[in-house]
Amino acid sequence: MSNPLDTDAGSELFSSYEAELKLVQADLNQKLDQISELSGEPRKSAIRLAERTLDEANELIGQMRIEKQNIPSATRSKVNQRFRNFESDIDGQKRKLKTLSDDRKALFGNRYSDNPDAADQQLEQRQQLLSGTDRLDRSSQRLRESQRIANETEGIGRDTLADLQLQRETIQHTRMNLLESEGYVDKSVKTLRGMARRMATNRIITVAIITVLVLLIVAVIYSKFH
């Protein structure tokens with residue numbers, strides 16, 4: 001394992017990463033020990049948890065690699081030694097986890113066979129099952145997408161029918177207004193024609209009256225001189 005924490009040899013931030021990494025390593029060791037006692041689905045779940053813990057340790061190592069560049073050269077050698085020890089420890093834990101993950105008999109329990117052909121057949125069946133499940137999921141997604149498009153199309157159709165109905169009502173209303181306007185125009189034309197006839201009649205009467213008056217004046221003048 002790594003050397004004890006030496007806060008005098010590194011920055012406070014590096015030391016905090018170092019302390020946190022020790023806790024993560026202890027947790028990872030505990031998970032690795034538990035995996036050895038499990039099989040089947042519980043073992044798979046434990047391996048996934050250990051992988052996440054290992055990712056956390058690698059992230060801390062990355063942060064420490066960056067931070068140790070800020071440590072003065074006089075003390076960096078000790079820090080580098082501790083850092084290499086941490087990397088070595090994590091590499092060992094990684095190899096142990098890979099070994100536990102590759103133990104197919106422990107992973108699959110009684111379903112695993114030492115016969116390679118049987119194991120390959122089981123793996124092929126599992127892959128076929130997963131492939132069928134994927135195809136079913138994709139078909140379900142396409143079906144849901146088709147249903148969504150059908151619903152949207154139906155909604156658009158309803159809106160279009162409503163718009164057409166509104167336009168039809170507008171056209172009918174406009175037609176009624178046009179017919180009503182035509183009626184008003186006809187009435188106006190008839191009124192204007194009546195007025196024209198009356199004006200013509202009044203003009204003829206006026207001319208007749210003037211003609212009579214002129215004839216009367218002429219007759220009166222003629223009677224005075226004869």
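In this predicted model, the side chains of E145 and R148 meet in a salt bridge, with a distance of 2.2 Å from N to O. The two residues lie three positions apart in helix α5, which spans residues 116-225, and they are therefore separated by about one helical turn. E145 is partly exposed, its relative accessible area being 37%, and R148, at 37% relative accessibility, counts as partly exposed as well. The pair also belongs to a network of salt bridges, in which E145, R148 and E152 are linked.

Because E154 and R158 are four residues apart in helix α5, about one helical turn separates them. E154 has a relative accessibility of 47% and so counts as partly exposed. K98 is exposed, with a relative accessible area of 52%, a value over the 50% cut-off, whereas D102, at 46%, counts as partly exposed. Across the whole structure, the search finds nine salt bridges.

The packing of the helices was examined next. Two packed helices are described by the angle between their axes and the distance between the axes. Helix α1 (residues 12-35) and helix α2 (residues 40-67) pack at an angle of about 160 degrees, their axes lying 9 Å apart, and they are therefore roughly antiparallel to each other, since angles over 145 degrees are classed in this way. The residues of this contact divide into 16 nonpolar, two polar and seven charged.

The axes of α2 and helix α3 (residues 73-102) come within 11 Å and cross at roughly 160 degrees, which makes α2 roughly antiparallel to α3. In this pair, α2 passes α3 in a left-handed crossing. The residues of α2 that meet α3 include R43, I47, L54 and I61, and among their counterparts in α3 are F83, F86, I90 and L97. By class, this contact has eleven nonpolar, two polar and five charged residues.

Helix α2 also contains E67, a residue that is buried, with a relative accessible area of 12%. Leaving aside residues up to four places away in sequence, E67 touches S11, L13, F14 and Y17. The C-alpha atoms of E67 and L13 are separated by 7.3 Å, although these residues are 54 residues apart along the chain.

Notes: Residues are numbered from 1 along each chain as its sequence is written. This is a predicted model: local features need pLDDT of at least 70, side-chain atom pairs count only at pLDDT 80 or more; totals for chains, interfaces and linings use all residues. Side-chain values use heavy atoms; hydrogens and water are left out. Axes are lines fitted to C-alpha atoms, for helices over the stretch in contact, and angles run from 0 to 180 degrees between N-to-C directions. Angles under 35 degrees count as roughly parallel, over 145 as roughly antiparallel, 65 to 115 as roughly perpendicular and the rest as oblique. Ala, Val, Leu, Ile, Met, Phe, Trp, Tyr, Cys and Pro count as nonpolar, Asp, Glu, Lys and Arg as charged, and the others, Gly among them, as polar. A crossing is left-handed if the near helix is turned anticlockwise from the far one by less than a right angle, and right-handed if clockwise. Contact means heavy atoms within 4.5 Å. Buried means under 20% relative accessible area, exposed over 50%, partly exposed in between (1.4 Å probe, protein chains only). A salt bridge is a side-chain nitrogen of Lys or Arg within 4 Å of a carboxyl oxygen of Asp or Glu.
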